[in-house]
Amino acid sequence: MELIAERLGGFYPSADIAAGGPDFVVLSVAGRIAVDIAEGSPRLLPQQLPAAPTPLQQVALGYLSGVGRGHAWQVSEQWLEQTPLELELLTLRELVGRLDASDFALVSRASQLLQWQREHRFCGSCGRPTSSSRSDHALRCEPCDLSFYAKISPCIITLVERGDYCLLGRQGSWPAGLFSTLAGFIEPGESAEQALRREVMEESGIDTDSVRYFASQAWPFPSQLMLGYFARYAGGDIVVDGVELEAAQWFHYRELPRIPPPTSISGQLIRAFVAARTTAHESA
Ligand SMILES: [Zn+2]
């Protein structure tokens with residue numbers, strides 16, 4: 001399955017699902033994903049199902065590199081109980097960091113496409129039923145000439161640097177002591193850089209400049225695309241709004257609080273900052 005991370009899959013129309021069985025299936029039951037945990041850590045299903053269910057709902061995932069045609073199926077819990085497979089149902093959140101990156105990308109896509117298909121069965125303009133596009137991941141209303149795409153919500157996530165210190169914040173609902181990089185949704189009409197400066201200012205009162213791109217990560221809770229950046233402190237004192245964040249603080253790179261795991265882009269941003277400061281001091 002490693003190849004999937006390289007290229008998640010070329011388009012394959014959902015309209016062609018009836019023409020032949022899939023080479024690989026992601027099974028979903030009421031928003032949870034069926035995984036095999038017989039060997040301890042969760043794995044996706046064997047590619048050949050012992051008995052094909054009649055899915056309650058299905059959507060094409062695409063041609064998966066090295067695998068073939070992939071489908072996502074919504075099935076009933078009763079069907080799952082009747083199969084000889086030893087399967088457990090886990091939520092996407094429970095699978096973060098437990099599935100390998102390529103499998104997690106696949107279940108993210110499956111879960112988001114199933115949800116999108118369920119929520120766009122009718123045209124939002126005229127109310128007629130939609131149908132699957134033959135040319136891309138879209139649901140079409142032909143009379144209105146409208147295409148409805150699966151929603152992806154771009155967000156910025158940023159580590160603001162000030163010499164050996166970085167700006168981290170925490171929300172009241174998080175586990176005690178956990179701090180992370182600041183993040184927020186990009187609003188219509190904004191560039192990622194504008195969103196970054198606005199979000200950091202709104203959440204912490206800090207002005208930023210020298211924005212540098214780091215990496216991105218799909219974060220399917222429910223549909224974020226996290227765009228990771230480093231930014232530099234350009235002025236201001238910390239003032240938290242008490243709504244989005246309950247606290248924000250400058251932390252020295254050698255005296256960090258509890259931070260997110262390296263499977264999340266926030267965890268990667270913080271670790272990259274620590275590595276860069278460590279190298280800078282060693283070579284000074
Ligand atoms: Zn319409």
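**Surroundings of A231**

Tutor: Leaving aside residues up to four places away in sequence, A231 touches T158, L159, V160, E161, L196, T208, D209, S210 and V211, where contact means heavy atoms within 4.5 Å. The model is predicted, so local features need pLDDT of at least 70 and side-chain atom pairs count only at pLDDT 80 or more, while totals for chains, interfaces and linings use all residues. Residues are numbered from 1 along each chain as its sequence is written, and side-chain values use heavy atoms, with hydrogens and water left out.

Student: In which strand is A231 placed, and is A231 buried or exposed?

Tutor: Buried means under 20% relative accessible area, exposed over 50%, and partly exposed in between, with a 1.4 Å probe and protein chains only. A231 has 0% relative accessibility and counts as buried. A231 lies in strand β13 (residues 224-235); strands are DSSP runs of E with at least two residues, helices are runs of H or I with at least four, and both are numbered from the N terminus. The C-alpha atoms of A231 and D209 are 5.9 Å apart, although 22 residues separate the two along the chain.

Student: Which protein donors does the zinc ion have?

Tutor: Donors are N, O and S atoms within 2.8 Å of the metal (3.2 Å for Na, K and Ca); water is not among the atoms, so sites may look incomplete. Here the SG atoms of C123, C126, C141 and C144 lie 2.3 to 2.4 Å from the zinc ion. The spacing of these donor residues in sequence is C-x2-C-x14-C-x2-C. C123, in the loop between α4 (101-119) and β6 (131-132), and C144, in the loop between β7 (138-141) and β8 (146-149), are 21 residues apart and link distant parts of the chain. C123 is buried at 4% relative accessibility, whereas C144 is partly exposed at 28%.

Student: What is the geometry of the zinc site?

Tutor: Ideal angles for four tetrahedral donors are 109.5 degrees. Four donors count as tetrahedral if all angles lie between 85 and 135 degrees. The four donor atoms of the zinc ion make angles of 105 to 117°, and the site is tetrahedral.

Student: How many residues does each side give to the contact of domain 1 and domain 3?

Tutor: Domain bounds come from an automatic or database assignment, which gives domain 1 (2-119), domain 2 (121-151) and domain 3 (153-282). The centres of domain 1 and domain 3, over C-alpha atoms, are 32 Å apart. Eight residues from domain 1 and six residues from domain 3 take part in the contact.

Definitions and conventions
Four donors count as tetrahedral if all angles lie between 85 and 135 degrees; four count as square planar and six as octahedral if opposite donors are over 155 degrees apart and all others between 65 and 115; anything else is irregular.
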